[in-house]
Amino acid sequence: MQDDGTCPVCGEQVIEGHAHSDAETAADEKAPWHFKLMVVALVLYLGFRLVDVFI
Ligand SMILES: [Zn+2]
């Protein structure tokens with residue numbers, strides 16, 4: 001559990017009995033941190049591509 005009481009895996013509020021294995025995390029659960037990671041990676045990628053143009 002994270003400091004704000006949300007689950008580090010699925011990002012939802014942790015209630016009693018909230019648990020899941022790594023295998024469960026994929027498709028059917030929304031995964032905000034996965035999405036954020038993807039966005040950050042995309043921004044970094046595009047940033048480096050942009051820097052490449054000017055160097
Ligand atoms: Zn969870």
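**Entry 1: T6**

I began with T6, which is found in the segment before helix 1; helices here are DSSP runs of H or I with at least four residues, strands are E runs of at least two, and both are numbered from the N terminus. This is a predicted model, where local features need pLDDT of at least 70, side-chain atom pairs count only at pLDDT 80 or more, and totals for chains, interfaces and linings use all residues. Residues are numbered from 1 along each chain as its sequence is written, and side-chain values use heavy atoms, with hydrogens and water left out.

Is T6 buried or exposed? I found T6 to be buried, because its relative accessibility is 11% (buried is under 20% relative accessible area, exposed over 50%, partly exposed in between, with a 1.4 Å probe and protein chains only). I also noted a polar contact of 2.7 Å between the side chains of T6 and D4. A polar contact is a pair of N or O atoms within 3.5 Å; within protein, one must be able to donate a hydrogen and the other to accept it, and residues adjacent in sequence count only if both atoms are side-chain atoms.

**Entry 2: cysteines**

Next I checked C7 and C10. C7 counts as buried at 6% relative accessibility, and C10 is buried too, with 1%. I then searched the whole structure for disulfides and got zero, the criterion being a pair of cysteine sulfur atoms within 2.5 Å.

**Entry 3: W33**

I moved on to W33, which sits in helix 1 and is partly exposed, since its relative accessible area is 40%. Which residues does W33 touch, not counting those up to four places away in sequence? I found P8 and V9, with contact meaning heavy atoms within 4.5 Å. A polar atom of the W33 side chain lies 2.9 Å from the backbone oxygen of V9, and for the backbone oxygen of P8 I noted 3.5 Å.

**Entry 4: A19**

With 63% relative accessible area, A19 is exposed. The C-alpha atoms of A19 and V9 are 9.4 Å apart, at ten residues along the chain.

**Entry 5: surface and totals**

I looked for nonpolar patches and noted one formed by F35, M38, V39 and V43, with about 400 Å² of accessible area together. V39 lies in helix 1 and is partly exposed at 35%.

To finish, I took the totals. The protein has one helix and zero strands, and 13% of its 55 residues are buried. It exposes about 4900 Å², of which carbon and sulfur atoms supply 66%; accessible areas come from the Shrake-Rupley method with a 1.4 Å probe, and for residues only the protein chains shown count as cover.

How values were computed
Patches are made of residues with over 30% relative accessible area and no salt bridge: like charges are joined within 9 Å, nonpolar side chains (Val, Leu, Ile, Met, Phe, Trp, Tyr) within 5 Å. A salt bridge is a side-chain nitrogen of Lys or Arg within 4 Å of a carboxyl oxygen of Asp or Glu.
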